[in-house]
Every structure is written in structure tokens, then in C-alpha cells.
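Please look over the sequence and the model below before reading on.

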Amino acid sequence: GHGRGPGDRTRVAAMARGAGSPRGRRCPRLCGICGGLAGILAAAAAVLVGLFLRFTPSELSFVERLVGASTEGLYYGLGGDGARTLRNPVALERLRASQAVARPVDMPVMAHEVPVTPSASTPPPPHLDWRFFLPANATGAARPGGAPVLLWFHGGGFVCGAPEYEASWARVLAHESGLPVLTLGYRLAPEHPFPTPFEDAVAAVRWALAQLPSCCGGDPSLAILGGTSAGGNLAAAVALELGSEEPRPAALLLAHPVLREPRDSPSYRKYARGYLLTDELMRDFWGMYGGRSDDRRTAPLAATSEELARSPPTVLVAGEHEVLVDEMDEYCAKLRGAG
């Protein structure tokens, strides 16, 4: 996670509100989602913490390199003074250009990237960038009743990152979960502050849900929505926005998501410096995005209990040492309290 440092661990919190919530549905399809979600969670834990028991030696070597190249590269690529890099348009554009190129990593064949041909009736939204991955052992045959699919938003503090940059991560998720993975992009701040990234994300998910049956035999009612960091923020915000629509995501997987504005919380004080995501860097990310503390579209923690009750069953993955820990704990408590 963001808290890569000495003794770092991962904490996992899951809210399984299935049978008791307004979204609750006792049926084999929902059980299939839960099984797929458990597989994805195993992959997330493996990458974020280093629990590599399910990997072969060659896969283990790759995942170790991926952990070093993916999250660290995303933030350490900002340089020793990340905040200064963000404030320098030339440096920021250079960083983005390096992330927009698929990284050549010597890796086992975990998943194949396959083209997606949008249907003429539902063209993709303007500015949408996406990539689609199938597990290497996929047969290509659609499952009876449709398949769950993971829709994934990349991280990068709302100002950097790209679907290409997380291609290796998407392959690991597809391999470990056995599910197709569709990565989705969005325009970046500060050139495109809120509400543009949020609106891009909402449009991307609506488009993807409409595409799933034709592009991969997927079932929109079984779609799992997720993301890392800023992508986790967008995933949570989109789920709240679509809470009263059909189709809508059936489950959420959020890896160290941003859930509110930076504030003087215990975790912000304790992990302000010396870790991957610093207090100063997070405040710059939030300021460039134009986040609003009282708006659930940027701060999911601002959602009402009624809105949270319509949010799908959620799994949160967090590093033990990171500034975002307290807000994730609070979000868990609010989700449980909502039903």
C-alpha cells in the first residue's frame, strides 16, 4: 500500500451485508461474486503484503518485482520532493509520459490482453481509455448466466497514473481471481479537476456495464468495481452515485482508497513523513483534484447512512502504516452501521 516502510503489514476489513441489506440477494450468482471477490482479495493481499504462497517460484519473482516497480514507481517517480514535482508542469508531464507506456516486465503469462470492440449502439464516452485482460487459462466460453468481471480504476493521486501503467497489476488480478479485468481511465487533475475525473468514472462504468454481455459474456449484475488509492476513491464514489440504478456494481474492492480530505488525524500525524504517501503529498493531490469535504462525490465518507446502505458489499485493503488508515477504519464503521 501507501505505507511501505519498516514492519509494514496489511489489514483487511470486509463488510458482507448480503442477506440483511436492501441489496441482499440469496442466489447462486451472488455466491459466485463472493467467490470471485475472495480470489481477488487473495491477489490484492499477495501483492500488497507479500503473502506469496499461491505463486510458483517464477511468479513469486515477478510479483516481488511488480511490488517494487508498480506502487513505488507510481509515487517514487515523483522524485525526492514529490510535492515539488507535482507543482512543476514539465516534471509532471514527464512523469505521466513514462507511466502511459506499458512497462516491459519479464513475467509469467498470467493473463492475455484482448481487444474490445464497442457495440455501435453504445459507443465509449469521449476521452475513455481502457484495456481488457483475460486469465491465461480462460477457455473463452461464456459461463452459464454470464460471468463476473472486475472493473478497475488506476491510482495516482488524481494527477498521474494510467491504465497502461497498471497492466501488470491487472494481469495479476486476472490470474489470481480467474476473472476478466477491464481497466478504465479518466482525465487527470490539475488540468481536469473535479468534477471531471468523477464524471469520467461514472460514464466509464455505465458504458462498461452496458458492454459486458457483448464483449466477454459478462453479466452486468455480477460486476465487481474496484481501484487503488485515487482509483479506490472513484470506485466508491461511483458506487454511491449508481446506488439506485440498474445495472450497478454488485461488489466493491477498494485498495487503500482516499475517502475524505486530508486532516489532522492520528494516522496523518503518525505517518506524515518517511513513508510512500506523505501528508504533504496527499494534501497536494487533494488540492489539485479540487476535492470537497462535504461532497460524497469526492469524499465518500460524507455519504449519508441511506446512501451507504445502497452501496454494495465492500472489501477494503489497507497498509498498516499509512496516512489513510483512520479514514478507512471510519468508512468500515459507517458501512456496518448503515446495514
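In this predicted model, Val205 has a relative accessibility of 0% and therefore counts as buried, since the cut-off for that class is under 20%. Val205 belongs to helix α7, which spans residues 196–216, and, when residues up to four places away in sequence are left aside, it touches Leu151, Phe153, Leu184, Leu225, Val238, Leu242 and Pro249. Between Val205 and Ala223, which are 18 residues apart in sequence, the C-alpha to C-alpha distance is 9.8 Å.

Turning to the aromatic rings, the structure holds 5 aromatic pairs. One of these joins Trp130 and Trp207 in a tilted arrangement, with 4.9 Å from centre to centre and 50° between the planes. Because Trp130 lies in strand β3 (residues 130–135) and Trp207 in helix α7, this pair ties together parts that are 77 residues apart in sequence. Trp130 counts as partly exposed at 21% relative accessibility, whereas Trp207, at 5%, counts as buried.

Phe153 counts as buried at 0% relative accessibility, and Tyr186 counts as buried at 7%. Elsewhere, ring pairs link Phe158, Phe194, Phe198 and Tyr289 into a cluster.

Definitions and conventions: Residues numbered from 1 in each chain as written. Predicted model: local features only at pLDDT ≥ 70, side-chain atom pairs only at ≥ 80, totals over all residues. Heavy atoms only, no water. Helix = DSSP H or I, 4+ residues; strand = E, 2+ residues; numbered from the N terminus. Buried < 20%, exposed > 50% of the residue type's maximum accessible area, 1.4 Å probe, protein only. Contact = heavy atoms within 4.5 Å. Phe/Tyr/Trp six-rings, centres within 6.5 Å; stacked < 30°, edge-to-face > 60°.
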